[in-house]
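Have a look at the picture first.

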Amino acid sequence: MQGVSRRLGHQYIKQSSTSISSFKSIYQLHDHYNGAENPRFASTLATKGVGHLVRKGTGGRSSVSGIVATVFGATGFLGRYLVQQLAKMGSQVLVPFRGSEESPRHLKLMGDLGQIVPMKYNPRDENSIKAVMAKANVVINLIGREYETRNYSFEEVNHQMAQHLAVIAKEHGGIMRYIQVSCLGASPSSPSRMLRAKAAAEEAILRELPEATVMKPAVMIGTEDRILNPWAHFAKKYGFLPLMGDGSTKIQPVYVVDVASAIVAALKDDGSSMGKTYELGGPEIYTMHQLAELMYDTIREWPHYVKIPFPIAKAVSMPREVLLNKVPFPMPVPTIFNLDAIEALTTDTLVSESALKFDDLGIAPRKLKGYATEFLIQYRKGGPNYGSTVSEKLTPKSWS
Ligand SMILES: NC(=O)c1ccc[n+]([C@@H]2O[C@H](COP(=O)([O-])OP(=O)(O)OC[C@H]3O[C@@H](n4cnc5c(N)ncnc54)[C@H](OP(=O)(O)O)[C@@H]3O)[C@@H](O)[C@H]2O)c1
């Protein structure tokens with residue numbers, strides 16, 4: 001394990017040492033004239049985990065953190081918070097994207113000019129993956145999907161792609177930190193196919209790169225989340241919320257920004273997070289019912305639930321899965337009735353006692369009530385300030 005870690009780091013240092021030494025004197029001369037040796041200008045970032053990087057500046061957006069990170073899956077939910085945190089400390093972020101040029105556009109503004117570099121790639125084409133990794137010294141993989149499509153199976157997106165990236169990163173030789181984002185609850189014995197695929201990915205990555213860090217976040221909450229937003233939409237549209245089972249499944253939802261902070265903290269440490277797996281759950285355990293109560297409370301509506309036993313919920317979501325590869329057109333994206341997510345809900349998903357957690361990365365995760373769920377005020381019928389007293393909560397009957 002240690003051997004591979006040293007080998008990777010050593011190769012990088014060997015490759016870069018010639019160029020660094022030849023430029024050193026130029027930098028020293030330059031520093032002499034611009035006063036950069038003054039402690040005021042010293043970067044406060046401890047990027048020891050990513051080795052001997054050339055760092056400059058005060059540690060803000062216009063400084064140079066030395067990190068050049070390729071963030072696969074940066075166009076998604078967690079990606080926007082992670083890229084923002086990397087960019088604001090002066091890292092260069094290479095953003096591989098597929099499809100539309102629009103998908104990485106919101107990320108461009110997060111960094112200094114030229115620091116966020118969208119690069120078109122094809123996740124099935126080895127050369128294009130190599131091209132987006134070529135200049136990087138850090139690789140972070142956020143690719144994942146909680147439903148299948150006609151083109152991509154759970155296994156391909158959540159396992160094979162992750163394994164492929166790790167193999168290419170290993171061949172690259174200059175990747176000093178590799179971070180894989182998996183899921184809390186990922187296990188070979190999980191009832192969910194996606195979580196089994198995630199577990200297989202973890203195993204494959206640690207086989208290829210034993211010094212990789214694995215982050216296993218719980219359900220993530222935030223402005224673009226895929227749990228409270230669909231719930232609020234559904235509740236507003238239909239006047240009730242389906243609760244799978246009896247709503248007693250326990251989860252440990254986490255604020256998305258804290259997960260991004262955990263990834264950055266791992267990059268900035270002295271390498272102690274290398275080869276480790278972290279389970280990132282929020283500070284509080286919620287049952288699905290309690291989380292739905294929090295949602296209703298924040299959108300100022302009276303709760304109305306329909307409890308749907310698991311067999312019925314699975315039967316309702318089954319047709320999409322059966323028809324997926326049988327009809328010649330794409331099926332709608334499942335939101336609340338997602339068969340695989342319902343399977344996952346049949347068991348509690350909590351951070352285990354013995355796991356490494358946020359504490360071990362020096363982060364105190366935020367509670368959900370308050371700032372982390374404030375985005376839900378957009379669903380209040382009477383505007384953001386509506387319903388400061390409980391008597392102002394709306395009943396579905398008063399909507400007309
Ligand atoms: N959201 C949660 O509550 C949660 C909880 C625990 C763990 N996780 C895991 O954390 C990671 C990030 O989550 P997220 O919520 O940010 O995910 P997300 O919003 O769904 O974004 C997923 C990213 O993966 C990319 N992707 C999906 N399918 C792909 C494919 N076939 N080929 C190439 N790229 C593909 C997407 O690219 P496009 O934009 O091109 O589609 C997007 O950039 C994922 O691995 C997820 O499994 C999420």
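Q: What makes up the fold, in helices and strands?
A: The protein has 11 helices and 13 strands. Those labels come from DSSP runs, numbered from the N terminus: helices are H or I runs of at least four residues, and strands are E runs of at least two. Residues are numbered from 1 along each chain as its sequence is written.

Q: How do you know how far to trust the model, going by pLDDT?
A: This is a predicted model, so local features need pLDDT of at least 70 and side-chain atom pairs count only at pLDDT 80 or more, while totals for chains, interfaces and linings use all residues. The score pLDDT is the predictor's confidence in each residue, from 0 to 100. Here the protein averages 87, and 84% of the residues score at least 70. Residues 1-48 are another story: pLDDT stays under 50 there, and the model has 52 contacts beyond four places in sequence for them.

Q: Why is H5 called roughly parallel to H6?
A: The axes of helix H5 (residues 154-172) and helix H6 (residues 193-208) cross at roughly 10° and come within 8 Å. Angles under 35 degrees count as roughly parallel, over 145 as roughly antiparallel, 65 to 115 as roughly perpendicular and the rest as oblique. That makes H5 roughly parallel to H6. The axes themselves are lines fitted to C-alpha atoms, for helices over the stretch in contact, with angles from 0 to 180 degrees between N-to-C directions.

Q: Which residues of H5 and H6 meet?
A: From H5, the list includes Phe154, Ala162 and Lys170, and from H6 it includes Arg193, Ala201 and Glu208. Two residues are in contact if their C-beta atoms, placed from the backbone, lie within 7 Å. By class, the contact of H5 with H6 has 10 nonpolar, 3 polar and 5 charged residues. For those classes, Ala, Val, Leu, Ile, Met, Phe, Trp, Tyr, Cys and Pro count as nonpolar, Asp, Glu, Lys and Arg as charged, and the others, Gly among them, as polar.

Q: Why is Ser190 called buried?
A: Ser190 has 21 other C-beta atoms within 10 Å, so it is buried. The rule: 20 or more other C-beta atoms within 10 Å of a residue's own means buried, 12 or fewer means exposed, and in between means partly exposed, with C-beta atoms placed from the backbone. Ser190 sits in the loop between strand E5 (177-181) and H6. Leaving aside neighbours within four places in sequence, Ser190 is in contact with Gly185, Leu195, Arg196, Ala199 and Ala344.

Q: What makes Arg300 count as buried?
A: Arg300 has 20 C-beta neighbours inside 10 Å, so it counts as buried. You'll find Arg300 in the loop between helix H9 (288-299) and strand E13 (305-308). Arg300 also has a positive phi of about 60°, although it is not a glycine.

Q: Why does Glu353 count as exposed?
A: Because Glu353 has 6 C-beta neighbours inside 10 Å, it counts as exposed. Glu353 is in the segment after helix H11 (339-344).

Q: How do you know that Met110 is partly exposed?
A: Count again: Met110 has 19 other C-beta atoms within 10 Å, so it is partly exposed. Met110 lies in the loop between helix H3 (105-108) and strand E3 (116-120). The C-alpha atoms of Met110 and Val83 are separated by 7.3 Å, though the two are 27 residues apart along the chain.

Q: What makes Glu321 count as partly exposed?
A: With 16 C-beta neighbours inside 10 Å, Glu321 counts as partly exposed. Its place is in helix H10 (residues 310-323).

Q: Which residues come nearest to the ligand?
A: Of the 22 residues around the ligand, Gly73, Gly76, Phe77, Leu78 and Gly144 come nearest. A residue is near a molecule or strand if its C-beta atom, placed from the backbone, lies within 6 Å of it. The shell divides into 12 nonpolar, 7 polar and 3 charged residues, and its largest share, 3 residues, comes from helix H2 (residues 77-87).
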